Amino acid sequence: MKRIAAAGWALGGAAFASAMIYLVPALGPGHESDAVENEPPTMPAPLGGGVSLDKKAVAHAGLQFITLQPAVSVSERSGFARALDLAPLAAISADIQSARAALAASDAEAKRQEALAAQDQSASVRAVELARAQAQADRARLILALRRAGLEYGSGLSGREGQLDGLVAQAARGEAALIRLDFEDGAPSTGSGVTITDGDIRVTAHVIGPAVGADPNLQSAGVLAIVRGSVARSLAVGRVMKAVLPAGGPAQTGVVVPRAAIVRTQGGMWVYRVDQDGTFRRIELQDPVAHETGWFVRKVLRPGDRIVSAGATVLLGLEAGSPVEEE
C-alpha cells in the first residue's frame, strides 16, 4: 500500500508540474517568477566610454581625487651607484705616512754619512753607500704606496694622496663616502654632479675620475665620486643605489601621475579622469617616464585635470568586470 501511495503522489506531482508549465505564461507581466530572479545582475553601463556614479556611490567606493599640477622633466641617464669599502684605503694611507717617515730618516742618515765622509771623520765609503741605498729603497716604497690608491681603486684617486688621510678620517666619522658609479651608455666626465637616490636618500656625488676595472654585469667603465655630509652614514658598503645624470637634452613639460592612481589592464597603464559632467573616463598613459613620485606624462593629461588617486580599481571593475592589478 505504501508503494502504491508513493506512486500516486509521484504521478500527481508530475501532473501538477505539467500544469504549471502552461499556467506560468498566462500569469501576466505583473507576476514575479523564479526565472526573473535567476537572471544575472546587470553592471552599471558606462556612459560615453566612462563610468557614472552618484555621490553616495562615490563615497561608498572610497574614491579620492587630486588635481594634476604642471611639472618639468629633464632628459636623464640612469646608472648604478655602490659605496666602496675604505678599510684598504685606510691601510694605504697608513703605508704612505710610514714610508714618508722612513724616507725622511734614511735621507737624513745618508746626508750625515756623506758629511762625515767629506770631513774624513770615521765615515767609510761603504757606510755612505749603505745609507744612500736605504734612502733609495725607502723612496721606492713611498712611490709604491702612493700608487696603490690609483691601482686598487682607480686613477680618480691618483694625485690625491695628500687628501687620503682626511677622506679616511671623514669616512670613519660618517661624514664622507667613496662611491663607484656605472652607466651602461658611457661614463660621466670628471667634475660632473650625479644624483644618487634610494628610498628617502637623495644626494649629489661629484665625480673625481675613473675607477679601476669594469663592472662584471654592465661591462662598463666606472668612475669614482665622493659624497660628503651626514647622509654618508646611510650609504652602506656594497649597497646598490640608482644614479641619475642629466643628459643635456631639452626640458619637457607635462604632469606627474602618482602611482596609486594607475591601474594596469590590456597591456597598458590607465587613469580615470573626472570630466566636467562627472563621468569617470579611463585614459591610457602614452609614453610614461618613471619619476620619483610616479610617472611623468607629456600627452593626454594636462595640468588642472582631476583624476582618481585612490579606488580606480573599483571603477575598472564596474566598467570591465575583470580582475585588475593596481600599481
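Ser 192 is located in the loop that connects strand E5 (176-182) with strand E6 (193-198). The structure is a predicted model, in which local features need pLDDT of at least 70 and side-chain atom pairs count only at pLDDT 80 or more, while totals for chains, interfaces and linings use all residues. Residues are numbered from 1 along each chain as its sequence is written, and side-chain values use heavy atoms, with hydrogens and water left out. Helices (H or I, at least four residues) and strands (E, at least two) are DSSP runs, numbered from the N terminus.

Ser 192 has 15% relative accessibility and therefore counts as buried (under 20% relative accessible area; exposed is over 50% and partly exposed in between, with a 1.4 Å probe and protein chains only). Its side chain reaches the backbone oxygen of Ser 189 at 2.8 Å. Apart from neighbours within four places in sequence, Ser 192 is in contact with Ala 205, His 206, Val 207 and Leu 245, where contact means heavy atoms within 4.5 Å.

When neighbours within four places in sequence are left aside, Ala 232 is in contact with Gly 174, Glu 175, Ala 176, Ala 177 and Val 227. Ala 232 and Arg 173 are 59 residues apart in sequence, and their C-alpha atoms are 9.5 Å apart in space.

Helix H5 (residues 125-152) contains 28 residues and spans 40 Å from its first C-alpha to its last, close to the expected 40 Å at 1.5 Å a residue. The expected span is 1.5 Å times one less than the number of residues. At Leu 146, H5 bends by about 25°; the bend is the angle between axes fitted to the seven residues ending at a residue and the seven starting there. The buried residues of H5 include Val 128, Ala 131, Ala 135, Asp 138, Leu 142, Ala 145 and Ala 149. In an α-helix there are 3.6 residues a turn, so residues three or four places apart point the same way. Helix H4 (87-118) and helix H6 (164-172) are among the elements that cover the buried residues of H5. After H5 comes Gly 154, with a positive phi near 140°.

Strand E12 (residues 268-274) is largely enclosed by the rest of the structure, because six of its seven residues are buried. Strand E11 (residues 263-265) is joined to E12 by three bridges and runs antiparallel to it; two strands pair if DSSP finds at least two bridges between them. Arg 264 stands opposite Met 269 in this pairing. E11 and E12 form a hairpin with two residues between them, and Gln 266 in the turn has a positive phi of about 55°. E12 also pairs with strand E13 (residues 280-284), in the antiparallel sense, over five bridges. Here Arg 273 has Arg 281 as its bridge partner. The hairpin of E12 and E13 has five residues between the strands, including Gly 278, with a positive phi of about 90°.

Four strands form an open sheet in the order E3-E10-E15-E14, with antiparallel pairing. Strand E3 (70-73) and strand E14 (289-291) are at the edges with a single partner strand each, so one side of each has no neighbour in the sheet. Within this sheet, strand E10 (residues 252-258) and strand E15 (residues 294-297) are joined by four bridges, and Val 257 stands opposite Trp 295.

Note on methods:
A polar contact is a pair of N or O atoms within 3.5 Å; within protein, one must be able to donate a hydrogen and the other to accept it, and residues adjacent in sequence count only if both atoms are side-chain atoms.
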